[in-house]
Amino acid sequence: MSKINCFIPFVSAEQVQATIENLKGQELINKIYLLATPEAQGCVEGCEVLKVNNLTSTATIKAIAEKADSDVTLLYTKHVTLKFAPFAIERFVKILADSGSGMVYADHYNVTDKGADKAPVIDYQMGALRDDFDFGSVLVFCSCCFKKAAEKMTATYEHAGLYDLRLKLSQFAAITHINEFLYSDVELDTRKSGEKIFDYVDPRNRGRQIEMEAACTEHLKEIGGYLAPEKEVDGKMVPNFKHIEFGEDKFAVEATVMIPVRNRIRTIRDAIDSVLRQKTTFKFNLMVVDNFSTDGTREAIAEYDDPRLLHLIADFYDMGIGGYWNMAAHHPQAGKFIVQLDSDDMYKDENTLQTMVDAFYEQNVAMVVGTYLMTDIDGNPIPPGVIDHKEWTPENGRNNALRINGLGAPRAFYTPVLRDVKIPNTSYGEDYALGLNISRTYQIGRVYTPVYLCRRWDDNSDASLDVEKMNRNNLYKDRIRTWELQARIALNKK
């Protein structure tokens with residue numbers, strides 16, 4: 001079978017000792033290179049030290065490509081011990097060859113002091129553009145494909161080099177998931193899933209995000225999925241977004257706040273109260289769409305004697321949050337604009353609704369996304385604090401939206417567009433799918449001052465998900481991206 005050159009992160013001989021012993025015992029291993037960042041010390045007999053500035057930089061990828069003189073290149077991305085199951089390396093190589101792929105990756109085990117846990121990953125697809133897509137820590141490449149992808153890399157990145165390589169490789173070769181458990185490593189990041197999903201908007205990671213956006217945008221241009229901010233009409237460059245005339249329809253009120261809810265007795269009153277105390281220059285109402293609540297939530301909503309509150313019962317077994325939204329949007333009492341509020345959360349103050357509605361007219365947009373503050377159940381700020389999604393820009397936001405995992409909150413929509421597009425009848429990713437779809441044609445507006453409290457507590461729907469549910473959610477969002485990307489490529493071909 002084909003020989004393999006291995007590249008593993010290196011800090012010290014002690015750190016890599018067990019991994020190297022395991023690799024040297026494998027018949028297919030040709031050479032072992034130690035990727036030594038500046039803090040690394042020492043060397044290991046039989047291994048060549050490759051000095052790099054950053055494990056994921058463009059320079060590192062180019063350096064690996066120069067040393068990839070075997071048929072197969074194996075890149076390990078963690079600093080902890082790597083251990084292969086018997087004949088697992090042979091299995092990697094066989095599937096790489098049999099499938100004709102440019103890269104393969106596999107399910108694995110995470111070993112901690114508490115034992116070994118299965119860590120299945122998901123299939124790669126066209127829309128798997130997230131820079132945090134989980135391949136596991138072992139990436140096995142056809143060396144020729146690795147070199148070809150590296151040659152296509154023209155930009156220089158400090159953080160986005162490996163991401164850029166993967167995107168370039170996906171343009172001409174398959175990236176294949178081997179759904180077999182082929183190795184074990186140690187999971188260093190033991191935070192709950194609900195904490196990890198906000199990493200991409202952590203202000204401390206902003207420089208990295210700018211690089212990832214640039215790499216993704218270049219990829220979209222190369223595959224025909226990029227949407228330009230301007231287009232030429234009669235020899236002039238004009239915005240490449242559909243203009244909106246907000247006076248074209250009549251509605252019962254100017255704005256509707258929509259709260260979907262099931263069994264949130266602990267928080268529903270806070271959410272409702274934060275809406276009813278809004279101060280606006282226009283009429284608004286509140287639709288609480290209640291789906292099979294059995295914990296007293298339904299009775300708590302019924303306690304309110306306020307004509308602005310409409311309590312809608314949606315006891316349909318086949319209805320998700322997207323279905324609740326469609327019900328509210330098509331209700332005869334729906335406002336011209338519909339503004340989101342989750343049953344866990346609260347509006348920051350009495351000016352939130354006015355601020356969101358004003359943004360529609362000021363920016364001529366079909367959707368507005370606000371800024372929120374992460375808090376505990378009592379409203380006390382918690383890390384990472386303010387989530388403003390400044391990665392969204394009027395010029396490139398709708399392209400970068402294909403890379404990130406969400407668009408922010410609160411979300412508000414121009415009702416005629418919402419009725420036309422409609423929301424997928426799911427309870428995860430439905431708002432993201434809607435935002436991508438709307439941004440294909442219309443500009444999305446932004447409010448960069450905090451107007452919303454996103455409260456994290458033990459009963460949040462995404463506070464701590466098991467790996468199977470996280471995988472289902474991520475697979476669905478990747479499919480949403482795939483469908484949207486296919487639609488944008490088709491649009492550009494017209």
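Once neighbours within four places in sequence are left aside, Phe84 is in contact with Asn22, Leu23, Gln26, Leu74, Ile89, Phe92, Val138, Leu182 and Tyr183. The model in which these contacts are found is a predicted one.

Phe84 also stands out in the largest nonpolar core, which has 148 residues, where Phe84, Phe92 and Ile259 touch the most other members. As background, nonpolar side chains tend to be buried together in soluble globular proteins.

## Salt bridges

Across the whole structure, a search finds 22 salt bridges. In one of them, Lys168 is paired with Asp164, and the closest N and O atoms are 2.8 Å apart. Both residues belong to helix H5 (residues 161-170), where they are four residues apart, or about one turn of the helix. Lys168 counts as buried because its relative accessibility is 0%, and Asp164, with a relative accessible area of 0%, is buried as well.

Another salt bridge joins Arg298 to Asp290, again with 2.8 Å between the closest N and O atoms. Here Arg298 counts as partly exposed, at 21% relative accessibility, whereas Asp290 is buried at 0%. The side chains of Arg308 and Asp306 likewise meet in a salt bridge, at 2.9 Å from N to O. Arg308 is partly exposed, with a relative accessibility of 26%, while Asp306 has 18% and therefore counts as buried, the limit for that class being under 20%.

## A charged network around Arg481

Some salt bridges share partners, and in this way Arg130, Asp132, Asp478 and Arg481 are joined into one network. Within this group, Arg481 is found in helix H15, which covers residues 467-493. Is Arg481 buried or exposed? With a relative accessibility of 0%, Arg481 counts as buried.

Not counting residues up to four places away in sequence, Arg481 touches Gly127, Leu129, Arg130, Leu402, Arg403, Ile404, Asn405, Tyr432 and Leu436.

## Helix H5 and its neighbours

Two packed helices are described by the angle between their axes and the distance between the axes. For H5 and helix H7 (residues 206-223), the packing angle is about 10° and the axes are 10 Å apart. Angles under 35 degrees count as roughly parallel, so H5 and H7 are roughly parallel to each other. The contact is made by Tyr163, Asp164, Leu167, Lys168 and Ser170 on the H5 side, and by Met212, Ala215, Cys216, Glu218, His219 and Glu222 on the H7 side. Sorted by class, the contact of H5 with H7 has five nonpolar, two polar and four charged residues.

Helix H4 (residues 143-152) packs against H5 at an angle of about 110°, with their axes 8 Å apart. Because of this angle, H4 is roughly perpendicular to H5. Cys145, Phe146, Ala149, Ala150 and Lys152 of H4 make the contact with Leu165, Lys168 and Leu169 of H5. The residues of this contact of H4 with H5 divide into six nonpolar, no polar and two charged.

Lys168 takes part in several of these features: this residue forms the salt bridge with Asp164, belongs to the contact of H5 with H7, and is among the H5 residues in the contact with H4. Asp164, its salt-bridge partner, is also one of the H5 residues in the contact with H7.

Key:
Residues numbered from 1 in each chain as written. Predicted model: local features only at pLDDT ≥ 70, side-chain atom pairs only at ≥ 80, totals over all residues. Heavy atoms only, no water. Helix = DSSP H or I, 4+ residues; strand = E, 2+ residues; numbered from the N terminus. Buried < 20%, exposed > 50% of the residue type's maximum accessible area, 1.4 Å probe, protein only. Contact = heavy atoms within 4.5 Å. Core = buried A, V, L, I, M, F, W, Y, C linked by side-chain atoms within 4.5 Å. Salt bridge = Lys/Arg side-chain N within 4 Å of Asp/Glu carboxyl O. Axes fitted to C-alpha atoms, helices over the stretch in contact; angles between N-to-C directions. Parallel < 35°, antiparallel > 145°, perpendicular 65-115°, else oblique. Nonpolar A, V, L, I, M, F, W, Y, C, P; charged D, E, K, R; others polar.
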